[in-house]
Amino acid sequence: MALGGRTMLKINNLTKKFNDRTIIDNLSFEVEDSEILTIVGPSGAGKTTLLRCISGLEPVDKGEFYLNNKKFSPYEDTGSESVIGVVFQDYQLFPNLTVLDNVTLAPQMVLKQSGAIAKQKALERLSRLQLNGKENLYPYQLSGGQKQRVAIARALAMQPKILCYDEPTSALDPELRGEVSNIIKGLKQDGMTQIVVTHDMDFANEVADKQLHVVPVK
């Protein structure tokens, strides 16, 4: 059950086109506080495009976004980075930076945290995600599961209200799926609202409070 009983994110009539092709057509849904929403559907249904629109990486052609009943635009509003965080499918870690630097860079540059505070918070998050002792390693020295946890720590460092994942199990060995599930459910216990795009129905059923099924637009 969602904590607080109020809507965290509400999206009305979202439409997204690329050239003349409609990818998302008049889609509406809500996500409650501390809820895990999984977005499922076949390839070509626009799942990743929807996530990019929600996170402000793509503009929409039509639609309204509300956060706690206040209208906002993920694409246009400044400070959206700390509203909706994203864990990308390919992680997008900086290869020339250590784990610690990957996690502390954005909080210092965007949130204007001091180096000491950013480091303290980063070490706490890395410890929580079982990455003790990995702080000074570089991405090429990490496994896929470790890279993903660093990407989660980096997204959390921006103190988002909503955390989104794009296919969080696709690049991992099957035995690591349970580890990802535990992380997501653990963040829910901390009060984090989460949106998960996945093609893995078993995983979606395991973590979701509710599901949004999308299909290709005809």
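This is a short walk through one chain, from its overall dimensions down to a few single residues.

The model is predicted, so local features need pLDDT of at least 70 and side-chain atom pairs count only at pLDDT 80 or more, while totals for chains, interfaces and linings use all residues. Residues are numbered from 1 along each chain as its sequence is written, and side-chain values use heavy atoms, with hydrogens and water left out.

Overall dimensions to begin with. The chain has 218 residues and a radius of gyration of 17 Å, which agrees with the value near 17 Å for a compact globule of that length. That radius is taken over C-alpha atoms, and the globule rule is 2.2 Å times the number of residues to the power 0.38. The C-alpha trace spans about 50 × 40 × 40 Å along its principal axes.

On secondary structure, there are six helices and nine strands. These are DSSP runs numbered from the N terminus: H or I with at least four residues for helices, E with at least two for strands.

Next, burial and surface. Buried means under 20% relative accessible area, exposed over 50%, and partly exposed in between, with a 1.4 Å probe and protein chains only. The accessible surface is about 10900 Å², and carbon and sulfur atoms hold 47% of that. Areas come from the Shrake-Rupley method with a 1.4 Å probe; for residues, only the protein chains shown count as cover.

Contacts: of those between residues at least 6 apart in sequence, 70% join residues at least 24 apart. Contact means heavy atoms within 4.5 Å.

Now some local features. Helix α1, residues 47–54, is largely enclosed by the rest of the structure, because six of its eight residues are buried. The buried ones are Lys 47, Thr 49, Leu 50, Leu 51, Cys 53 and Ile 54. Just after α1, Gly 56 has a positive phi of about 85°.

What is the count of aromatic pairs? It comes to one. Phe 65 and Phe 72 have ring centres 6.2 Å apart and planes at 70°, so the pair is edge-to-face. The rule pairs rings of Phe, Tyr and Trp (its six-membered ring) with centres within 6.5 Å; planes under 30 degrees apart are stacked, over 60 edge-to-face, and the rest tilted. Both Phe 65 and Phe 72 are buried.

On backbone angles, most residues other than glycine have a negative phi. Asn 68 has a positive phi, near 50°. Asn 68 sits in the loop between β4 (62–67) and β5 (70–72), and is partly exposed at 24% relative accessible area. Glu 167 also has a positive phi near 50°. Its loop runs between β7 (162–166) and α5 (177–189), and Glu 167 counts as buried at 10% relative accessibility.

Asp 200 lies in the loop between β8 (193–197) and α6 (201–207) and is buried, with a relative accessible area of 16%. Which residues does Asp 200 contact, leaving aside neighbours within four places in sequence? They are Thr 169 and Arg 177. Gly 41 is 159 residues from Asp 200 along the chain, yet their C-alpha atoms are separated by 9.2 Å.

Arg 128 belongs to helix α3, residues 115–128. With neighbours within four places set aside, Arg 128 contacts Gly 186 and Asp 190.
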